[in-house]
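Thanks, everyone. I'll keep this short. Have a look at the structure first, and then we'll walk through it.

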Amino acid sequence: MLIYNTLTRRKEEFVPREPGKVAMYVCGPTTYNYIHLGNARPIVFFDTVRRYLKYRGYNVFYVQNFTDIDDKIINRAREVGEEPLNLAARFVNEYFKDADALNVLRADIHPKVSRHLDEIINMVQALVDKGYAYVVDGDVYYEVRKFDGYGKLSGRTLEDMQAGARVDVDVRKRDPMDFALWKSAKPGEPAWDSPWGKGRPGWHIECSAMALKYLGTNFDIHGGGFDLIFPHHENEIAQSEAATGEPFARYWMHNGFITVNQEKMSKSLGNFFLVREILAKFQPEVVRFYLLSTHYRSPLDFDDEKLTAAARGLERIKTSLGLLEEAIAGQEGDAGARPDPALSLRLDELRSEFERAMDDDFNTALAIGIVFDLAREVNTYLQKDSGAGAAEKGAALKKARDLFKDFNGVLGIFKTGENSNILLRGPGRGDAGLVEDLINLIVEIRQEARKKKDWTTADRIRDRLKEMNIILEDTPTGVRWKTQG
RNA sequence: GGCGACAUAGCCAAGUGGUAAGGCAGAGGACUGCAAAUCCUUUACUCCCCGGUUCGAAUCCGGGUGUCGCCUCCA
């Protein structure tokens, strides 16, 4: 398995710290608002990485933090007149609503900064003791010149950075690039006691402290967005490796940015899209499918037309699985039958192609292409007669269904085992069973009209139902209907 | 100013040395009362441009053009 490592700027064979086990840490959101599209990409992508590693048989321990102490939270809390920690906790709950909708599995641990002050303070103290940090008026700064490897992740030297520095230089710092490990509190701000007075952690130290606590040194995968490479992850490395004297993380993975209508999302442009705004227009599966349809290191643009195209593509996959389930349901189970090789051999090929794609730095775009291949393979098989016996055919169909489910177990692009008819499960829809009965009744009446060749009535019913997003399909064996989100 | 990424059909998007995956949209056909769904066929003599290396390059090298990102809170 190959993983592109930001640290070395190339794909490397993945060798975990301990055989069979993967320890990974992904930088989670700062909870001062609902999550936006830019947050959604790493959340969904790294969830997929984790699922695939599991599929590959690794025992994965997955940590994703919440930053619940931060300037942005404090500012926001002041605006709305709420306690900062309260506001942060509220948006942690909101985070889970969005993440659940996107079919993101819970991390093994979701540590919060506010619960790890002891670890953070101890780490800052260790850095001060070792001479990597200095104290000025209750603030503690990390001295970047003291750390030899500073710049190794982002690939730039301290000289490069200073040439381009656009930051106002704080005269109390020994070097303009020195960054805060601990910030003294101003009146009214949340503050914790420390050896340097009341204050709060700097931005980068939390991730170092929490990752080291739960995963130890030299853990396997550290992930996040491209923009975190510098300064956030660069600083994490500097702090952690200076404090422990050991390598911090082995593989650094960074996802590319999301743009909206070809523009970077930014507050000044007013195009910061929240996940739930998109979810109001598109089904969550479509959003997840779209996020995975481009390789994670490439930029990805969002607009309604692209999402609509993605929705149609995903529909094709879901239809295929639906046809497959339908065919299996009409078949007597015959355990022990040998799957029809006409389909079965191809299924084996598709599985290994899928694995090859994912093994190559999690190429989800290619992998999705293989899911489409599977769909066409199944649809074709369902239409033609291979000449095999019913039991063999049934076994092949079940094998195809298992393959679909395995692919989906990794990609998570459609929900299984529940009614996907959004009309029937949406809020305020009343008795879903009643709705279903009524549609069945209408379909029945339409069938009678069709028998009498009353096409005007039959077409009118079909057209009117379509306007209500209920799609009727006449097949040789009866009428199939579904709702369209 | 410093650092870096990308440029593939109408659109989205894989592919990093051997005659261009897949999806959406479009065209033709099969099926259908008509549709829908599905299947079959079809849509890039070519991968931004100009040079070079090579028997051979979308893929490597040099130059150019364009787009984007980081260097500041940001996923």
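So, which element gives the largest share of the surface near RNA strand B? Helix 12 does, with nine residues. Keep in mind that this is a predicted model.

Let's stay with the RNA. Around RNA strand B there are 50 residues. The nearest of them are Trp 203, Gly 225, Leu 228, Lys 264 and Asp 474. By class, the residues of that surface are 13 nonpolar, 20 polar and 17 charged.

Helix 12 covers 364-383. Other elements that supply at least two residues each include helix 1, at 37-55, and helix 10, at 304-329.

Which parts of the RNA face the protein? Take the atoms of RNA strand B within 4 Å of the protein. Sugar or phosphate accounts for 61% of them, and bases for the rest.

Now some side chains. For Lys 72 the distance is 2.6 Å. For Gln 383 it is 2.7 Å. For Asn 379 it is 3.1 Å.

Back to helix 1, and a neighbour. The axes of helix 1 and helix 13, residues 390-411, come within 7 Å. They cross at roughly 135 degrees, so the two helices are oblique to each other. From helix 1, the contact uses Thr 48, Arg 51, Tyr 52 and Tyr 55. From helix 13, it uses Asp 406, Asn 408, Gly 409, Val 410 and Leu 411. That makes four nonpolar, three polar and two charged residues in the contact.

Three strands form it, in the order 12-11-13. The sheet is open, and its pairing is mixed.

Strand 11, residues 258-260, runs antiparallel to strand 12, and two bridges join them. In one of these pairings, Val 260 has Glu 263 of strand 12 as its bridge partner. Helix 9, residues 284-292, packs on the sheet and touches strand 11 and strand 13. The direction of helix 9 makes about 150 degrees with that of strand 13.

That's the tour. Over to you.

Note on methods: Residues are numbered from 1 along each chain as its sequence is written. Chains are lettered from A and ligands numbered from 1 in the order in which they are written. This is a predicted model: local features need pLDDT of at least 70, side-chain atom pairs count only at pLDDT 80 or more; totals for chains, interfaces and linings use all residues. Side-chain values use heavy atoms; hydrogens and water are left out. Two strands pair if DSSP finds at least two bridges between them. Helices (H or I, at least four residues) and strands (E, at least two) are DSSP runs, numbered from the N terminus. Contact means heavy atoms within 4.5 Å. Axes are lines fitted to C-alpha atoms, for helices over the stretch in contact, and angles run from 0 to 180 degrees between N-to-C directions. A residue is near a molecule or strand if one of its heavy atoms lies within 4 Å of it. A polar contact is a pair of N or O atoms within 3.5 Å; within protein, one must be able to donate a hydrogen and the other to accept it, and residues adjacent in sequence count only if both atoms are side-chain atoms. Ala, Val, Leu, Ile, Met, Phe, Trp, Tyr, Cys and Pro count as nonpolar, Asp, Glu, Lys and Arg as charged, and the others, Gly among them, as polar. Angles under 35 degrees count as roughly parallel, over 145 as roughly antiparallel, 65 to 115 as roughly perpendicular and the rest as oblique.
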